[in-house]
Amino acid sequence: MVNNQDQRRAVVYARVSKDRDGRSTSVNDQVMDCRAVVAQHGWELGKVIRDEGLSASSYATKDRPGYRMLLDELRSGDALVVWEPSRATRKLSDWVELRDLCAARGVLLVAGGNVYDLTRPSDRLSTGISAVTAEHESDRTRERIQREKRYAAERGAALTGLGFGWVRVFDPDGRSRWEVDPVAGPAIREAVASILAGRSLASVVRDWNARGVVRPSGQAWNIAKARQSLLRASLAGLRTHQGIVTGPGALWPAIITTDEHRALTALLTDPARLHHDAGGPRARHLLSGIAVCGECGEKVALRAQGAAYACRTGHSYRAKKQQTDDHVVREVLRALSDWRADTFLFDVVEDEHGESVVGGVPDESLSARVELATLRKRLEDAASSYAAGELSAAMLSRVEKGLLTQISEAEKRAVPKTVHPLLAAISKDPAALWQSLSLDEKRTVVKLTVRVTILATGRRGKGFDPESVVVERILTDRTALTAALT
Ligand SMILES: [Zn+2]
(Lines give C-alpha, C1' and ligand atoms only; values in the text may rest on other atoms or scores of the structure.)
Protein backbone atom coordinates (compact mmCIF):
# COMPACT_ATOMS: atom_id res chain seq x y z
CA MET A 1 0.00 0.00 0.00
CA VAL A 2 1.18 3.49 -0.70
CA ASN A 3 0.10 6.85 0.50
CA ASN A 4 0.26 9.06 -2.46
CA GLN A 5 -0.64 12.68 -2.09
CA ASP A 6 0.64 13.83 -5.48
CA GLN A 7 -1.60 15.18 -8.20
CA ARG A 8 -3.24 12.44 -10.14
CA ARG A 9 -6.21 12.01 -12.39
CA ALA A 10 -8.58 9.37 -10.99
CA VAL A 11 -10.65 7.13 -13.24
CA VAL A 12 -13.62 5.57 -11.47
CA TYR A 13 -14.92 2.21 -12.60
CA ALA A 14 -18.17 0.83 -11.17
CA ARG A 15 -20.28 -2.10 -12.24
CA VAL A 16 -23.26 -3.85 -10.80
CA SER A 17 -22.98 -7.41 -9.68
CA LYS A 18 -24.39 -9.54 -6.95
CA ASP A 19 -22.25 -10.97 -4.22
CA ARG A 20 -22.56 -14.54 -2.93
CA ASP A 21 -25.57 -13.76 -0.80
CA GLY A 22 -27.39 -12.09 -3.64
CA ARG A 23 -26.81 -8.60 -2.26
CA SER A 24 -25.85 -5.92 -4.72
CA THR A 25 -24.51 -2.46 -4.23
CA SER A 26 -25.92 -0.07 -6.77
CA VAL A 27 -23.62 1.49 -9.32
CA ASN A 28 -24.58 4.93 -8.00
CA ASP A 29 -23.59 4.02 -4.44
CA GLN A 30 -20.29 2.63 -5.68
CA VAL A 31 -19.59 5.80 -7.66
CA MET A 32 -20.38 7.93 -4.61
CA ASP A 33 -17.96 5.94 -2.43
CA CYS A 34 -15.28 6.11 -5.10
CA ARG A 35 -15.72 9.87 -5.51
CA ALA A 36 -15.25 10.24 -1.77
CA VAL A 37 -11.97 8.34 -2.01
CA VAL A 38 -10.87 10.59 -4.90
CA ALA A 39 -11.76 13.73 -2.92
CA GLN A 40 -9.96 12.39 0.14
CA HIS A 41 -6.75 12.08 -1.85
CA GLY A 42 -7.26 15.47 -3.44
CA TRP A 43 -7.08 13.99 -6.92
CA GLU A 44 -8.69 15.32 -10.06
CA LEU A 45 -11.78 13.33 -10.97
CA GLY A 46 -11.44 11.97 -14.50
CA LYS A 47 -13.83 9.74 -16.33
CA VAL A 48 -16.47 7.77 -14.42
CA ILE A 49 -17.15 4.51 -16.24
CA ARG A 50 -20.22 2.44 -15.43
CA ASP A 51 -21.00 -1.09 -16.50
CA GLU A 52 -24.59 -1.44 -15.49
CA GLY A 53 -26.36 -4.75 -15.23
CA LEU A 54 -23.44 -6.73 -16.53
CA SER A 55 -21.61 -9.36 -14.56
CA ALA A 56 -17.83 -9.23 -14.59
CA SER A 57 -17.73 -12.97 -14.16
CA SER A 58 -15.92 -14.85 -16.89
CA TYR A 59 -19.17 -16.70 -17.49
CA ALA A 60 -21.08 -13.58 -18.41
CA THR A 61 -21.80 -13.91 -22.07
CA LYS A 62 -22.47 -10.25 -22.78
CA ASP A 63 -19.70 -7.80 -23.63
CA ARG A 64 -18.68 -5.33 -21.01
CA PRO A 65 -18.22 -2.13 -23.05
CA GLY A 66 -17.26 -0.19 -19.92
CA TYR A 67 -14.37 -2.53 -19.15
CA ARG A 68 -13.04 -2.19 -22.70
CA MET A 69 -13.43 1.58 -22.41
CA LEU A 70 -11.45 1.48 -19.15
CA LEU A 71 -8.49 -0.23 -20.83
CA ASP A 72 -8.46 2.51 -23.47
CA GLU A 73 -8.91 5.29 -20.94
CA LEU A 74 -6.13 4.56 -18.41
CA ARG A 75 -3.11 6.73 -18.92
CA SER A 76 0.28 6.88 -17.29
CA GLY A 77 0.13 8.39 -13.80
CA ASP A 78 -3.65 7.82 -13.37
CA ALA A 79 -5.28 6.22 -10.38
CA LEU A 80 -7.94 3.60 -11.05
CA VAL A 81 -10.58 3.72 -8.31
CA VAL A 82 -12.86 0.77 -7.86
CA TRP A 83 -15.23 -0.06 -5.03
CA GLU A 84 -13.58 -3.40 -4.25
CA PRO A 85 -11.09 -5.50 -6.25
CA SER A 86 -13.68 -8.07 -7.30
CA ARG A 87 -15.75 -5.27 -8.83
CA ALA A 88 -13.04 -4.68 -11.39
CA THR A 89 -13.01 -8.19 -12.72
CA ARG A 90 -13.71 -11.74 -11.67
CA LYS A 91 -11.87 -13.34 -14.50
CA LEU A 92 -8.28 -14.04 -13.53
CA SER A 93 -6.88 -13.47 -17.01
CA ASP A 94 -8.63 -10.08 -17.14
CA TRP A 95 -7.16 -9.27 -13.77
CA VAL A 96 -3.65 -10.10 -14.96
CA GLU A 97 -4.23 -7.91 -18.00
CA LEU A 98 -5.45 -5.03 -15.84
CA ARG A 99 -2.62 -5.48 -13.33
CA ASP A 100 0.07 -5.49 -16.02
CA LEU A 101 -1.53 -2.46 -17.64
CA CYS A 102 -1.55 -0.56 -14.34
CA ALA A 103 2.04 -1.59 -13.62
CA ALA A 104 3.28 -0.69 -17.11
CA ARG A 105 1.51 2.68 -17.18
CA GLY A 106 2.30 3.53 -13.59
CA VAL A 107 -1.39 3.54 -12.69
CA LEU A 108 -2.27 3.14 -9.03
CA LEU A 109 -5.16 0.85 -8.15
CA VAL A 110 -7.44 2.07 -5.39
CA ALA A 111 -9.79 -0.58 -4.08
CA GLY A 112 -11.84 -0.61 -0.90
CA GLY A 113 -10.09 2.60 0.12
CA ASN A 114 -6.60 1.05 -0.11
CA VAL A 115 -4.04 2.27 -2.63
CA TYR A 116 -1.95 -0.35 -4.42
CA ASP A 117 1.14 0.17 -6.50
CA LEU A 118 1.17 -2.85 -8.77
CA THR A 119 4.86 -2.63 -9.47
CA ARG A 120 5.43 -3.65 -5.84
CA PRO A 121 5.62 -7.41 -5.18
CA SER A 122 3.66 -7.18 -1.91
CA ASP A 123 0.79 -5.27 -3.56
CA ARG A 124 0.79 -7.65 -6.51
CA LEU A 125 0.53 -10.53 -4.07
CA SER A 126 -2.30 -9.13 -1.94
CA THR A 127 -4.40 -7.96 -4.90
CA GLY A 128 -3.59 -11.20 -6.73
CA ILE A 129 -4.99 -13.21 -3.85
CA SER A 130 -8.14 -11.07 -3.93
CA ALA A 131 -8.49 -11.73 -7.67
CA VAL A 132 -8.03 -15.47 -7.27
CA THR A 133 -10.58 -15.48 -4.45
CA ALA A 134 -13.03 -13.44 -6.53
CA GLU A 135 -12.73 -15.85 -9.42
CA HIS A 136 -13.18 -18.82 -7.11
CA GLU A 137 -16.31 -17.27 -5.64
CA SER A 138 -17.60 -16.54 -9.09
CA ASP A 139 -17.04 -20.18 -10.09
CA ARG A 140 -18.76 -21.41 -6.95
CA THR A 141 -21.66 -19.05 -7.40
CA ARG A 142 -22.13 -20.23 -10.95
CA GLU A 143 -21.98 -23.87 -9.91
CA ARG A 144 -24.41 -23.31 -7.07
CA ILE A 145 -26.85 -21.36 -9.24
CA GLN A 146 -26.82 -24.01 -11.95
CA ARG A 147 -27.42 -26.77 -9.45
CA GLU A 148 -30.18 -24.85 -7.74
CA LYS A 149 -31.80 -24.12 -11.08
CA ARG A 150 -31.75 -27.78 -11.94
CA TYR A 151 -33.27 -28.86 -8.65
CA ALA A 152 -35.78 -26.05 -8.86
CA ALA A 153 -36.78 -27.24 -12.33
CA GLU A 154 -37.19 -30.78 -11.10
CA ARG A 155 -39.19 -29.75 -8.09
CA GLY A 156 -40.92 -27.00 -10.03
CA ALA A 157 -42.82 -29.51 -12.10
CA ALA A 158 -45.08 -29.97 -9.12
CA LEU A 159 -45.53 -26.30 -8.59
CA THR A 160 -46.47 -25.14 -12.04
CA GLY A 161 -49.71 -27.06 -11.89
CA LEU A 162 -50.47 -30.71 -12.23
CA GLY A 163 -53.93 -30.23 -13.65
CA PHE A 164 -56.82 -32.68 -13.60
CA GLY A 165 -56.49 -35.20 -10.82
CA TRP A 166 -54.91 -33.14 -8.04
CA VAL A 167 -55.78 -30.24 -5.80
CA ARG A 168 -53.31 -27.86 -4.25
CA VAL A 169 -53.55 -27.76 -0.48
CA PHE A 170 -52.14 -24.82 1.46
CA ASP A 171 -50.69 -25.19 4.93
CA PRO A 172 -51.08 -22.41 7.52
CA ASP A 173 -47.42 -21.47 7.00
CA GLY A 174 -48.13 -20.68 3.36
CA ARG A 175 -46.43 -23.75 1.95
CA SER A 176 -48.44 -25.86 -0.42
CA ARG A 177 -48.54 -29.45 -1.57
CA TRP A 178 -50.51 -31.53 -4.01
CA GLU A 179 -53.13 -34.03 -2.99
CA VAL A 180 -55.23 -36.36 -5.09
CA ASP A 181 -58.55 -34.70 -5.91
CA PRO A 182 -61.28 -36.67 -4.11
CA VAL A 183 -63.51 -36.63 -7.20
CA ALA A 184 -61.10 -36.59 -10.13
CA GLY A 185 -58.62 -39.08 -8.61
CA PRO A 186 -61.04 -42.01 -8.27
CA ALA A 187 -62.64 -41.09 -11.62
CA ILE A 188 -59.24 -41.36 -13.33
CA ARG A 189 -58.41 -44.62 -11.58
CA GLU A 190 -61.71 -46.14 -12.58
CA ALA A 191 -61.46 -44.88 -16.16
CA VAL A 192 -57.95 -46.28 -16.62
CA ALA A 193 -58.90 -49.67 -15.19
CA SER A 194 -61.98 -49.90 -17.37
CA ILE A 195 -60.20 -48.80 -20.55
CA LEU A 196 -57.53 -51.42 -19.89
CA ALA A 197 -60.39 -53.87 -19.50
CA GLY A 198 -61.69 -53.04 -22.96
CA ARG A 199 -64.05 -50.13 -22.41
CA SER A 200 -63.91 -47.40 -25.02
CA LEU A 201 -62.59 -43.92 -24.33
CA ALA A 202 -65.82 -42.54 -25.79
CA SER A 203 -67.87 -44.26 -23.12
CA VAL A 204 -65.58 -42.90 -20.39
CA VAL A 205 -66.15 -39.40 -21.79
CA ARG A 206 -69.93 -39.94 -21.86
CA ASP A 207 -69.81 -41.22 -18.30
CA TRP A 208 -67.68 -38.33 -16.96
CA ASN A 209 -69.87 -35.73 -18.61
CA ALA A 210 -73.02 -37.44 -17.35
CA ARG A 211 -71.64 -37.59 -13.78
CA GLY A 212 -70.51 -33.98 -13.84
CA VAL A 213 -66.79 -34.81 -13.66
CA VAL A 214 -65.61 -31.64 -15.38
CA ARG A 215 -62.32 -30.44 -16.77
CA PRO A 216 -60.33 -27.92 -14.68
CA SER A 217 -61.63 -25.27 -17.06
CA GLY A 218 -65.18 -26.25 -16.15
CA GLN A 219 -65.89 -27.41 -19.68
CA ALA A 220 -67.17 -30.81 -20.71
CA TRP A 221 -64.80 -33.55 -21.79
CA ASN A 222 -64.28 -34.65 -25.36
CA ILE A 223 -62.33 -37.66 -26.56
CA ALA A 224 -59.19 -35.73 -27.49
CA LYS A 225 -59.00 -33.96 -24.12
CA ALA A 226 -59.70 -37.10 -22.14
CA ARG A 227 -57.10 -39.03 -24.10
CA GLN A 228 -54.50 -36.32 -23.54
CA SER A 229 -55.33 -36.14 -19.86
CA LEU A 230 -55.19 -39.89 -19.27
CA LEU A 231 -51.88 -40.26 -21.12
CA ARG A 232 -50.03 -37.85 -18.82
CA ALA A 233 -47.02 -39.54 -17.20
CA SER A 234 -47.60 -37.38 -14.13
CA LEU A 235 -50.61 -39.59 -13.32
CA ALA A 236 -48.11 -42.33 -12.48
CA GLY A 237 -46.01 -39.88 -10.46
CA LEU A 238 -43.49 -39.63 -13.29
CA ARG A 239 -41.71 -36.43 -14.14
CA THR A 240 -41.27 -35.47 -17.77
CA HIS A 241 -39.09 -33.00 -19.54
CA GLN A 242 -40.13 -32.00 -23.04
CA GLY A 243 -42.36 -35.04 -23.32
CA ILE A 244 -39.74 -37.55 -22.19
CA VAL A 245 -40.05 -39.31 -18.85
CA THR A 246 -37.03 -38.28 -16.80
CA GLY A 247 -37.69 -39.91 -13.48
CA PRO A 248 -39.89 -40.46 -10.49
CA GLY A 249 -41.71 -37.41 -9.24
CA ALA A 250 -41.99 -38.05 -5.50
CA LEU A 251 -43.43 -34.59 -4.92
CA TRP A 252 -46.98 -35.43 -5.79
CA PRO A 253 -48.98 -38.60 -5.18
CA ALA A 254 -49.40 -40.96 -8.10
CA ILE A 255 -52.96 -41.79 -9.14
CA ILE A 256 -52.22 -44.85 -11.26
CA THR A 257 -49.26 -47.21 -11.36
CA THR A 258 -46.38 -46.96 -13.81
CA ASP A 259 -47.47 -50.23 -15.39
CA GLU A 260 -51.00 -48.95 -15.88
CA HIS A 261 -49.56 -45.85 -17.51
CA ARG A 262 -47.44 -47.99 -19.85
CA ALA A 263 -50.32 -50.29 -20.75
CA LEU A 264 -52.68 -47.37 -21.33
CA THR A 265 -50.14 -45.60 -23.53
CA ALA A 266 -49.71 -48.74 -25.62
CA LEU A 267 -53.46 -49.12 -25.89
CA LEU A 268 -54.45 -45.52 -26.60
CA THR A 269 -51.67 -44.87 -29.08
CA ASP A 270 -52.57 -47.97 -31.11
CA PRO A 271 -53.54 -46.52 -34.52
CA ALA A 272 -56.32 -49.07 -34.95
CA ARG A 273 -57.94 -47.85 -31.77
CA LEU A 274 -57.69 -44.17 -32.66
CA HIS A 275 -60.03 -44.72 -35.53
CA HIS A 276 -62.47 -46.60 -33.37
CA ASP A 277 -62.50 -43.86 -30.75
CA ALA A 278 -62.65 -41.03 -33.22
CA GLY A 279 -66.40 -40.94 -32.99
CA GLY A 280 -67.58 -44.08 -34.73
CA PRO A 281 -70.60 -45.85 -33.29
CA ARG A 282 -69.93 -48.09 -30.36
CA ALA A 283 -69.45 -51.69 -31.45
CA ARG A 284 -72.57 -53.72 -30.89
CA HIS A 285 -71.32 -57.04 -32.23
CA LEU A 286 -68.64 -59.38 -31.02
CA LEU A 287 -66.55 -59.58 -34.17
CA SER A 288 -67.24 -56.44 -36.17
CA GLY A 289 -64.02 -54.51 -36.64
CA ILE A 290 -62.06 -57.47 -35.28
CA ALA A 291 -62.45 -60.40 -37.69
CA VAL A 292 -61.02 -59.91 -41.17
CA CYS A 293 -62.20 -60.95 -44.62
CA GLY A 294 -60.23 -63.87 -46.05
CA GLU A 295 -60.49 -62.39 -49.55
CA CYS A 296 -59.37 -58.81 -49.07
CA GLY A 297 -58.09 -58.65 -45.50
CA GLU A 298 -60.47 -55.84 -44.58
CA LYS A 299 -62.18 -55.78 -41.18
CA VAL A 300 -65.73 -57.10 -41.31
CA ALA A 301 -68.96 -55.56 -40.07
CA LEU A 302 -72.40 -57.04 -39.68
CA ARG A 303 -74.25 -56.95 -43.03
CA ALA A 304 -76.98 -58.80 -44.87
CA GLN A 305 -79.63 -57.30 -42.55
CA GLY A 306 -77.65 -58.32 -39.53
CA ALA A 307 -77.50 -61.96 -40.53
CA ALA A 308 -73.77 -62.29 -41.30
CA TYR A 309 -70.39 -60.59 -41.05
CA ALA A 310 -69.00 -59.25 -44.32
CA CYS A 311 -66.39 -56.81 -45.57
CA ARG A 312 -67.39 -53.57 -47.29
CA THR A 313 -66.80 -55.10 -50.72
CA GLY A 314 -69.43 -57.67 -49.86
CA HIS A 315 -67.60 -60.91 -50.43
CA SER A 316 -70.32 -63.40 -49.75
CA TYR A 317 -70.41 -65.28 -46.48
CA ARG A 318 -72.66 -68.05 -45.56
CA ALA A 319 -71.62 -68.24 -41.93
CA LYS A 320 -74.48 -66.94 -39.83
CA LYS A 321 -73.65 -64.23 -37.31
CA GLN A 322 -74.74 -66.09 -34.19
CA GLN A 323 -73.06 -69.32 -35.20
CA THR A 324 -69.85 -67.47 -36.07
CA ASP A 325 -69.85 -65.76 -32.68
CA ASP A 326 -70.51 -69.01 -30.84
CA HIS A 327 -67.73 -70.77 -32.71
CA VAL A 328 -65.20 -68.00 -31.98
CA VAL A 329 -66.19 -67.86 -28.30
CA ARG A 330 -65.68 -71.64 -27.98
CA GLU A 331 -62.22 -71.31 -29.51
CA VAL A 332 -61.33 -68.34 -27.33
CA LEU A 333 -62.37 -70.16 -24.14
CA ARG A 334 -60.46 -73.25 -25.21
CA ALA A 335 -57.38 -71.15 -25.91
CA LEU A 336 -57.65 -69.49 -22.51
CA SER A 337 -58.11 -72.81 -20.72
CA ASP A 338 -55.06 -74.27 -22.44
CA TRP A 339 -53.11 -71.16 -21.65
CA ARG A 340 -54.19 -71.37 -18.03
CA ALA A 341 -53.36 -75.06 -17.83
CA ASP A 342 -49.90 -74.41 -19.15
CA THR A 343 -48.84 -73.19 -15.73
CA PHE A 344 -45.23 -74.10 -16.19
CA LEU A 345 -44.94 -71.33 -18.70
CA PHE A 346 -47.76 -69.02 -17.83
CA ASP A 347 -48.57 -68.84 -14.20
CA VAL A 348 -50.30 -65.58 -13.54
CA VAL A 349 -49.21 -64.18 -10.22
CA GLU A 350 -49.48 -60.86 -8.51
CA ASP A 351 -46.42 -58.74 -7.93
CA GLU A 352 -45.64 -56.50 -4.96
CA HIS A 353 -48.03 -53.85 -6.31
CA GLY A 354 -50.89 -56.30 -6.69
CA GLU A 355 -50.53 -56.31 -10.45
CA SER A 356 -50.76 -59.41 -12.60
CA VAL A 357 -47.52 -60.53 -14.09
CA VAL A 358 -46.38 -63.67 -15.85
CA GLY A 359 -44.77 -65.88 -13.29
CA GLY A 360 -43.51 -69.46 -13.32
CA VAL A 361 -40.51 -68.64 -15.41
CA PRO A 362 -38.31 -66.45 -13.23
CA ASP A 363 -39.10 -62.87 -14.14
CA GLU A 364 -36.09 -60.67 -13.54
CA SER A 365 -38.23 -57.56 -13.90
CA LEU A 366 -39.45 -58.02 -10.32
CA SER A 367 -35.98 -57.92 -8.78
CA ALA A 368 -35.00 -55.10 -11.14
CA ARG A 369 -37.95 -53.05 -9.92
CA VAL A 370 -36.97 -53.56 -6.30
CA GLU A 371 -33.42 -52.57 -7.21
CA LEU A 372 -34.70 -49.49 -9.05
CA ALA A 373 -36.67 -48.32 -6.04
CA THR A 374 -33.56 -48.65 -3.87
CA LEU A 375 -31.38 -46.76 -6.35
CA ARG A 376 -33.93 -43.95 -6.69
CA LYS A 377 -34.17 -43.68 -2.93
CA ARG A 378 -30.39 -43.34 -2.72
CA LEU A 379 -30.50 -40.59 -5.33
CA GLU A 380 -33.17 -38.72 -3.38
CA ASP A 381 -31.15 -39.19 -0.19
CA ALA A 382 -28.04 -37.77 -1.84
CA ALA A 383 -29.99 -34.75 -3.05
CA SER A 384 -31.38 -34.24 0.47
CA SER A 385 -27.89 -34.49 1.96
CA TYR A 386 -26.70 -31.88 -0.51
CA ALA A 387 -29.63 -29.62 0.32
CA ALA A 388 -28.85 -30.03 4.02
CA GLY A 389 -25.24 -29.08 3.37
CA GLU A 390 -23.89 -32.50 4.34
CA LEU A 391 -22.59 -33.28 0.87
CA SER A 392 -20.54 -31.10 -1.45
CA ALA A 393 -21.79 -30.29 -4.92
CA ALA A 394 -18.83 -32.12 -6.44
CA MET A 395 -19.56 -35.21 -4.36
CA LEU A 396 -23.27 -35.09 -5.22
CA SER A 397 -22.35 -34.84 -8.87
CA ARG A 398 -20.13 -37.92 -8.57
CA VAL A 399 -22.76 -39.90 -6.65
CA GLU A 400 -25.46 -38.89 -9.14
CA LYS A 401 -23.40 -39.94 -12.12
CA GLY A 402 -22.88 -43.42 -10.71
CA LEU A 403 -26.47 -43.86 -9.62
CA LEU A 404 -27.97 -42.58 -12.86
CA THR A 405 -25.95 -45.14 -14.82
CA GLN A 406 -27.20 -47.94 -12.57
CA ILE A 407 -30.77 -46.62 -12.75
CA SER A 408 -30.89 -46.56 -16.53
CA GLU A 409 -29.44 -50.10 -16.48
CA ALA A 410 -32.12 -51.34 -14.08
CA GLU A 411 -34.89 -49.55 -15.97
CA LYS A 412 -34.15 -51.64 -19.04
CA ARG A 413 -34.51 -54.85 -17.04
CA ALA A 414 -37.52 -53.61 -15.09
CA VAL A 415 -40.04 -53.53 -17.94
CA PRO A 416 -42.50 -56.11 -16.64
CA LYS A 417 -44.05 -58.81 -18.74
CA THR A 418 -47.49 -57.67 -17.85
CA VAL A 419 -50.59 -59.66 -18.60
CA HIS A 420 -53.66 -57.69 -19.52
CA PRO A 421 -55.68 -57.53 -16.28
CA LEU A 422 -58.76 -58.82 -18.07
CA LEU A 423 -56.92 -61.92 -19.34
CA ALA A 424 -55.47 -62.52 -15.91
CA ALA A 425 -58.94 -62.33 -14.40
CA ILE A 426 -60.80 -64.48 -16.89
CA SER A 427 -58.13 -67.15 -17.10
CA LYS A 428 -59.05 -68.24 -13.57
CA ASP A 429 -62.25 -69.81 -14.93
CA PRO A 430 -62.79 -68.82 -18.56
CA ALA A 431 -66.14 -70.55 -19.21
CA ALA A 432 -67.82 -69.28 -16.05
CA LEU A 433 -66.46 -65.76 -16.17
CA TRP A 434 -67.11 -65.14 -19.87
CA GLN A 435 -70.82 -64.60 -19.25
CA SER A 436 -70.15 -61.86 -16.72
CA LEU A 437 -68.19 -59.75 -19.19
CA SER A 438 -69.63 -56.75 -21.02
CA LEU A 439 -69.56 -56.75 -24.82
CA ASP A 440 -66.57 -54.36 -24.78
CA GLU A 441 -64.69 -56.68 -22.45
CA LYS A 442 -65.54 -59.75 -24.52
CA ARG A 443 -64.26 -58.01 -27.64
CA THR A 444 -61.01 -57.17 -25.86
CA VAL A 445 -60.52 -60.77 -24.78
CA VAL A 446 -61.10 -61.94 -28.36
CA LYS A 447 -58.58 -59.42 -29.69
CA LEU A 448 -55.98 -60.49 -27.15
CA THR A 449 -56.49 -64.19 -27.64
CA VAL A 450 -57.14 -64.99 -31.28
CA ARG A 451 -57.01 -63.76 -34.86
CA VAL A 452 -60.28 -64.43 -36.72
CA THR A 453 -60.49 -64.71 -40.52
CA ILE A 454 -63.82 -65.28 -42.25
CA LEU A 455 -63.57 -67.19 -45.52
CA ALA A 456 -65.94 -66.89 -48.45
CA THR A 457 -66.06 -70.67 -48.80
CA GLY A 458 -68.36 -73.10 -47.11
CA ARG A 459 -70.90 -75.72 -47.89
CA ARG A 460 -74.14 -74.65 -49.47
CA GLY A 461 -77.45 -75.33 -47.91
CA LYS A 462 -75.98 -76.98 -44.85
CA GLY A 463 -75.61 -75.60 -41.33
CA PHE A 464 -72.56 -73.80 -39.98
CA ASP A 465 -69.24 -74.88 -41.46
CA PRO A 466 -66.53 -74.31 -38.83
CA GLU A 467 -63.92 -74.29 -41.60
CA SER A 468 -65.30 -71.04 -42.98
CA VAL A 469 -64.17 -69.22 -39.81
CA VAL A 470 -60.45 -69.56 -39.12
CA VAL A 471 -59.52 -68.94 -35.50
CA GLU A 472 -55.77 -68.68 -34.87
CA ARG A 473 -54.46 -68.49 -31.33
CA ILE A 474 -52.04 -65.72 -30.59
CA LEU A 475 -51.39 -66.90 -27.04
CA THR A 476 -49.15 -69.71 -28.25
CA ASP A 477 -46.01 -68.88 -26.40
CA ARG A 478 -44.62 -66.37 -24.02
CA THR A 479 -43.13 -64.21 -26.76
CA ALA A 480 -46.40 -64.00 -28.61
CA LEU A 481 -48.23 -63.32 -25.40
CA THR A 482 -45.92 -60.50 -24.46
CA ALA A 483 -46.06 -59.05 -27.96
CA ALA A 484 -49.83 -59.18 -27.96
CA LEU A 485 -50.15 -57.46 -24.64
CA THR A 486 -47.59 -54.70 -24.77
ZN1 LIG B 1 -63.52 -58.86 -48.50
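Which residues point one way from S3, and which the other way? Ala-79 and Val-81 point one way, Leu-80 and Val-82 point the other way, and all are buried.

## Getting oriented

This is a predicted model: local features need pLDDT of at least 70, side-chain atom pairs count only at pLDDT 80 or more, and totals for chains, interfaces and linings use all residues. Residues are numbered from 1 along each chain as its sequence is written.

The protein chain has 17 helices and 16 strands. These are DSSP runs numbered from the N terminus, with helices (H or I) of at least four residues and strands (E) of at least two. Of the 486 residues in the protein chain, 27% are buried. Two residues are in contact if their C-beta atoms, placed from the backbone, lie within 7 Å. Among contacts with a separation of 6 or more, 61% are between residues 24 or more positions apart.

## Strands side by side

Let's follow S3 to its partners. Two strands pair if DSSP finds at least two bridges between them. Strand S1 (residues 9–15) pairs with S3 in the parallel sense over four bridges, and Val-12 stands opposite Val-81. S3 (residues 79–82) also runs parallel to S4, again with four bridges. Across this pairing, Ala-79 stands opposite Leu-108 and Leu-80 stands opposite Leu-109.

Ala-111 stands opposite Asn-114 in S5. S4 and S5 form a hairpin with two residues between them, and Gly-112 in the turn has a positive phi of about 55 degrees.

## Nonpolar cores

A nonpolar core is a set of buried Ala, Val, Leu, Ile, Met, Phe, Trp, Tyr and Cys residues joined through C-beta atoms within 7 Å. The largest one has 29 residues, and those touching the most other members are Val-11, Val-12, Ala-79, Leu-80, Val-81, Leu-109 and Val-110. At least two residues each come from S1, helix H1 (27–41), S3, helix H4 (92–105), S4 and helix H5 (121–156). S1 gives the largest share, five residues.

Not counting residues up to four places away in sequence, Val-11 touches Gly-46, Lys-47, Ile-49, Leu-70, Glu-73, Leu-74, Asp-78, Leu-80 and Val-81. A second, separate core of 26 residues includes Ala-291, Ala-335, Trp-339 and Leu-448.

## One side of a helix

In helix H7 (residues 201–211), the buried residues are Leu-201, Val-204, Val-205 and Trp-208. Why are they on the same side of H7? They cover an arc of only 100 degrees around the axis, judged by the directions from the helix axis to the C-beta atoms. Just after H7, Gly-212 takes a positive phi of about 75 degrees.

## How confident is the model?

The predictor's confidence in each residue is its pLDDT, from 0 to 100. The protein chain averages 76, and 72% of the residues score at least 70. Among its elements, helix H6 (residues 184–196) has the highest mean pLDDT (92) and helix H17 (residues 478–485) the lowest (42).

Over residues 272–280, pLDDT stays under 50, and the model has eight contacts beyond four places in sequence for them. Residues 356–362 are also below 50, with 27 contacts in the model beyond near neighbours in sequence.

Conventions. Buried ≥ 20, exposed ≤ 12 C-beta atoms within 10 Å, placed from the backbone.
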